[in-house]
Amino acid sequence: MNTLYDLPGVVLRAKKELLRIRKYGSTWTLTHKSGGKTGATAAAKELETGVADGKKMDLILRALGYAPTFRYEKSRGVDGRQGKRGGGRDADRNFCEIEGPPRWIDATAKNLGVSRTDYITKNYATLFAE
């Protein structure tokens, strides 16, 4: 489960940044993403750290003026044909989200039958809003 946070006036979204708390099993992670687009792929800078108690982290963010703005859930898995070879990370099973270095993304997409003209570099919140 992923929960995105922002300040009043959607300050982070306006700067194309993201602040997220993710719960995966019993593990909590706090992530900040920023950055832009490089060619056909997105090139976000990502800072991430584990959080011992996600519910308390939620209270801390709220105390600082942040509020939950979007929640989404997704199922992820490593593609068995490409896996972590070549520096790739993983492929989202629902949306064919492919993360990794641009060359690995292109090779994996080609292997999956996805054309570069079909690439979408928008985040989940933007896709949902549209």
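## Overall fold

Helices (H or I, at least four residues) and strands (E, at least two) are DSSP runs, numbered from the N terminus. By that count, the chain has four helices and eight strands, and from the N terminus on the order is β-α-β-β-β-α-β-β-β-β-α-α.

Before we go further, please keep in mind that this is a predicted model: local features need pLDDT of at least 70 and side-chain atom pairs count only at pLDDT 80 or more, while totals for chains, interfaces and linings use all residues. Residues are numbered from 1 along each chain as its sequence is written, and side-chain values use heavy atoms, with hydrogens and water left out.

## Surface and burial

The accessible surface of the chain is about 8500 Å², and carbon and sulfur atoms hold 55% of it (Shrake-Rupley method, 1.4 Å probe; for residues, only the protein chains shown count as cover). Of the 130 residues, 35% are buried (under 20% relative accessible area; exposed means over 50%, and partly exposed lies in between, with a 1.4 Å probe and protein chains only).

## Two nonpolar cores

A nonpolar core is a set of buried Ala, Val, Leu, Ile, Met, Phe, Trp, Tyr and Cys residues joined through side-chain atoms within 4.5 Å. The largest one has nine residues: Tyr5, Leu12, Leu19, Ile21, Trp28, Leu30, Val51, Met57 and Leu61. Another core, of six residues, lies apart from it and includes Leu4, Phe70, Tyr124 and Ala125.

## Thr31 in strand β3

Thr31 sits in β3, which spans residues 27-38. Thr31 counts as buried because its relative accessibility is 1%. Not counting residues up to four places away in sequence, Thr31 touches Leu18, Leu19, Arg20, Glu46, Leu47 and Glu48.

With Glu48 there is also a side-chain to side-chain polar contact at 2.8 Å. Such a contact is a pair of N or O atoms within 3.5 Å; within protein, one must be able to donate a hydrogen and the other to accept it, and residues adjacent in sequence count only if both atoms are side-chain atoms.

## Helix α3

Trp104, Ile105, Thr108 and Ala109 are buried in α3 (residues 102-112). Seen down the axis, the buried residues of α3 fall within an arc of 130°, so they line one face of the helix (the arc is that of the directions from the helix axis to the C-beta atoms). On the other side of α3, Arg103 and Lys110 are exposed. Gly113 follows α3 and has a positive phi, near 80°.

Note on methods: Contact = heavy atoms within 4.5 Å.
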